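Here is a walk through one protein model. Keep the sequence and the coordinates side by side as you read.

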Amino acid sequence: SAASLDSGVEYKGEHKRDRGDKENEIENYVQNLIESKSKLHLDISGNLEESVQSDKAQEEKEEVIKKNIKEDENEAKIKMRIKEGFLKKRSSGIRRIWQKRWFYLLKNKLFYFKRGKSKPAGSIPLEECGLCEDDSSQEHKGRFKMRLGSGGSHMFYFDTYRKKSSEEYNEEEEKLRWMECINHNIKLAKEEAIGKRKIARQVDAKA
């Protein structure tokens, strides 16, 4: 009948519309999936590129830091130490008594001052001295010695002991600090003296 025919046509039309909508939905889904994957690829690529650049920048930064540290170490080796403080001194000369003096290590000289005096009572030329040696004992842990001249018989004796000192003060540690600083300057002073003698010989040869 006409009614059934109309309803059939209408049914077929709805079926076609449903099928078309589904196809559109699938196409949209696929397109969205492609775009999402493409975007994800770009994000991953970008993140990887940023990560590589970040790692490279970090490596360059570490290289700069290492270079600066090495330069600082080299500069520290070249520079002479400065140290000051009270020490007891005794020489192997006629007066073999311990004298408390204020010592000032500066470049190639070890100056010592009497208490309250602004002018040094004397100085020890480090380029003419041998390296400091430990001279401590169980009773005297802060003692060390230094020979004047590589084969000389004159010896300087030092002691970091303090009768009145704080709990933080350690005479043995202070002895090691003095020895390290003085020996450092002795080595550089000798190198400097050798360099000056070479230049003097070259000047004399040209004259």
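A residue counts as exposed when its relative accessible area is over 50%, as buried when it is under 20%, and as partly exposed in between. Lys 196 has a relative accessibility of 54%, so Lys 196 counts as exposed. Keep in mind that this is a predicted model.

Begin with the overall layout. The protein has two helices and seven strands. Along the sequence they run α-β-β-β-β-β-β-β-α. The chain has 207 residues, and 22% of them count as buried.

Now the salt bridges. The whole structure contains six. In one of them, Glu 174 pairs with Lys 83 at 3.2 Å, N to O. Lys 175 bridges to Asp 134, with the closest N and O atoms 3.0 Å apart. Again distant parts of the chain are linked: Lys 175 is in helix H2, Asp 134 is in strand S5 (residues 133–134), and 41 residues separate them. Lys 175 is buried, at 1% relative accessible area. Asp 134 is partly exposed, at 42%.

Return to Lys 196. Its side chain meets that of Glu 192 in a salt bridge of 3.4 Å, N to O. Both residues lie in helix H2, four residues apart, about one turn of the helix. Glu 192 has 39% relative accessibility and counts as partly exposed. Elsewhere, shared partners join Lys 83, Glu 174 and Arg 177 into one salt-bridge network.

The surface also carries charge patches. Lys 190, Arg 197, Lys 198 and Arg 201 form a positive one. Lys 190 belongs to helix H2 and is partly exposed at 31%. A negative patch gathers Asp 55, Glu 59, Glu 60, Glu 62 and Glu 63. Glu 60 lies in helix H1 (residues 2–78) and is partly exposed at 46%.

Last, a backbone detail. Most residues other than glycine have a negative phi. Lys 107 has a positive phi, near 55°. Lys 107 is in the loop between S2 and S3, and at 55% relative accessibility it counts as exposed.

Terms used:
Residues numbered from 1 in each chain as written. Predicted model: local features only at pLDDT ≥ 70, side-chain atom pairs only at ≥ 80, totals over all residues. Heavy atoms only, no water. Patch = residues over 30% accessible without salt bridge, like charges linked within 9 Å, V, L, I, M, F, W, Y side chains within 5 Å. Areas by Shrake-Rupley, 256 points an atom, 1.4 Å probe, with all protein chains shown as cover. Salt bridge = Lys/Arg side-chain N within 4 Å of Asp/Glu carboxyl O. Lys, Arg positive; Asp, Glu negative; His and termini not counted. Charge placed at Lys NZ, Arg CZ, Asp CG, Glu CD. Buried < 20%, exposed > 50% of the residue type's maximum accessible area, 1.4 Å probe, protein only.
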